Amino acid sequence: MSGTYLGMPAFPEAAHDAVRDRTLRANLRHATHTIRDKRARAVAELDDWARLREAGKQIKDHTLRHLEHYLVQLEESVTAAGGTVHWAADAAEANRIVTRLVRETGESEVVKVKSMATQEIGLNEALEAEGIHAYETDLAELIVQLGDDRPSHILVPAIHRNRGEIRDIFRERMGHWGRPAPEGLTDTPAELAEAARLHLREKFLRAKVGISGANFMVAETGTLVVVESEGNGRMCLTLPETLISVVGIEKIVPAWQDLEVFLQTLPRSSTAERMNPYTSTWTGTTDTDGPSAFHLVLLDNGRTDTLADEVGRQALRCIRCSACLNVCPVYERAGGHAYGSVYPGPIGAILSPQLRGTQSEIDASLPYASSLCGACYEVCPVAIDIPEVLVHLRERVVEGGPVTRRGTKVTLKPAKGHAAERAAMRAARWAFTHPAALAAGQRLAARTRRFHPRTVPGPGRAWTDTRDLPKVPAEPFRDWWQRTNGGKDSAK
Ligand code: SF4
């Protein structure tokens, strides 16, 4: 993923600092509560929301089960429509392909539609290293880029900034990148939007190359779909002569009809709108309209390995709506930067460790960045059971189990302080596989329960300082069962 996140501390350390930032907490609380309330109202309008959610889940699961078939079909459809398909196994290969394609146009500037995939591979930095300047045109991405910052939210990358901070960034930085901010710029939304519009307009009119991602790719026709709210995407997709789209392989849907589901669930879940203000679709090239050259870069970058994990693969259903971020109590307090990835919040906590497959402390810490309250699962429009995947990944971290990425065995290193937990899990496994010993231990615990301490001594003290140990019942469950069910002990 993006090099800008390299060297960041693990989640507990980063979050520890972030929760002390009052301005950040206030900005996040205001923004997430506003969006989540609006989303709840937008979703409540639909009687068939549960069925739409199930349909989205089924379409994604079906597509992922037959991904090989649909990818080949997509390549054929895009090629037949005049586009060119490139396959990228990882970030480095995708960046090499895009850099070469831009070079071949002779241009040294590109305009960009907001795209998580290009952030994931660190495309802007890779292009900059080759002397090619990439200009973000989404308003929030522009704020992040001008402020030399990192995105902290999937949908609202500058959610950690308030209006006063944005005005200051525009005043100080716009002139370095092109047209300066108007004299006397205030922090009213209309003035800020107008300043961005004027700044970006000259870039749209000058750029010969546009770069995008896509929300969906339709296998049967080779059509790509981008949904957005500002119209900047439409400009990038239509004005340049060359369009390069970098898209994760999981973004496929089999047929146009499938969009009927997602074009209802995505806008309501993300911006709480009934439909997106701009829904752009394009299929290859035409002689008289839009870019004359179209390249589609299909990105793997850890996705096929994620697909191999029976529990973890559901993360690939994600349509990046960000509803799970807006309801997460951990995200609301820690903010997006603490996750050390372009994918913050609950989805980031399950996606980043699977896509990256590294031994870094941050990846090992991410599955723990949750209270497992389940609010993320409740709002997810494709029913990703994020708590289930979090627990699965915690198990992997504790076990130090293998994570394969492109055939390489990699081990997620347990974060600091997990040795005791691992020992406890081993002891639990032994006890549960020896029922007689477990029963004897339970009886002993019941008889001695008056003498049990309320806190654990030694290294476990920190854990019990903030939690109460559960009370041991006077009679173990299996004894009660035997006593009340005719002497039948099902555990034997
Ligand atoms: S996991 Fe679900 S709720 Fe979260 S961004 Fe993805 S689709 Fe939206």
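Helix H8 is mostly covered, with seven of its eight residues buried. Those buried positions are Ala-140, Glu-141, Leu-142, Ile-143, Val-144, Gln-145 and Leu-146. This is a predicted model, and in it the cover over the buried part of H8 includes helix H6 (116-120), helix H7 (123-129), strand S3 (133-136), H9 and helix H10 (189-206).

Past H8, things open up at one spot in the loop between helix H8 (139-146) and helix H9 (163-177), where Asp-148 sits. Asp-148 counts as exposed because its relative accessible area, 72%, is over the 50% cut-off. Its backbone is worth a look too: phi is near 50°, a positive value in a residue other than glycine. Asp-149 forms a salt bridge with Arg-161, and the closest N and O atoms are 3.1 Å apart. Both partners belong to the loop between H8 and H9, 12 residues apart. Asp-149 is partly exposed at 24% relative accessible area, and Arg-161 is partly exposed as well, at 26%.

Leu-372 also has a positive phi, about 60°, although it is not a glycine. This leucine is placed in the loop between helix H17 (361-365) and helix H18 (375-379), and at 33% relative accessibility it is partly exposed.

Turning to charge pairing, the count of salt bridges comes to 20. One of them joins the side chains of Arg-206 and Glu-109, at 3.1 Å from N to O. Arg-206 lies in helix H10 and Glu-109 in strand S2 (residues 109-112), so this pair ties together parts that are 97 residues apart in sequence. Neither end is buried: Arg-206 is partly exposed at 39% relative accessible area, and Glu-109 is partly exposed at 21%. For Glu-109, that label holds because 21% is not under the 20% cut-off for buried. Arg-356 and Asp-363 make another salt bridge, with the closest N and O atoms 2.9 Å apart, and here both residues are buried. There is also a network of salt bridges linking Glu-120, Glu-250, Arg-303 and Arg-320.

Asn-232 is part of helix H11 (residues 232-238). Leaving aside residues up to four places away in sequence, Asn-232 touches Thr-137, Asp-138 and Phe-204.

The positive one is made of Arg-449, Arg-450, Arg-454 and Lys-471. Arg-449 comes from the loop between helix H21 (435-447) and helix H22 (461-465), and it is partly exposed, with 39% relative accessible area. The nonpolar one brings together Phe-477, Trp-480 and Trp-481, which share about 330 Å² of accessible area. Trp-480 belongs to helix H23 (residues 477-484) and is partly exposed at 37% relative accessible area.

Gln-482 is found in helix H23 too, and at 25% relative accessibility this glutamine is partly exposed.

Definitions and conventions:
Residues are numbered from 1 along each chain as its sequence is written. This is a predicted model: local features need pLDDT of at least 70, side-chain atom pairs count only at pLDDT 80 or more; totals for chains, interfaces and linings use all residues. Side-chain values use heavy atoms; hydrogens and water are left out. Helices (H or I, at least four residues) and strands (E, at least two) are DSSP runs, numbered from the N terminus. Contact means heavy atoms within 4.5 Å. Patches are made of residues with over 30% relative accessible area and no salt bridge: like charges are joined within 9 Å, nonpolar side chains (Val, Leu, Ile, Met, Phe, Trp, Tyr) within 5 Å. Accessible areas come from the Shrake-Rupley method with a 1.4 Å probe; for residues, only the protein chains shown count as cover. A salt bridge is a side-chain nitrogen of Lys or Arg within 4 Å of a carboxyl oxygen of Asp or Glu. Lys and Arg count as positive and Asp and Glu as negative; His and the chain ends are not counted. The place of a charge is taken as NZ of Lys, CZ of Arg, CG of Asp or CD of Glu. Buried means under 20% relative accessible area, exposed over 50%, partly exposed in between (1.4 Å probe, protein chains only).
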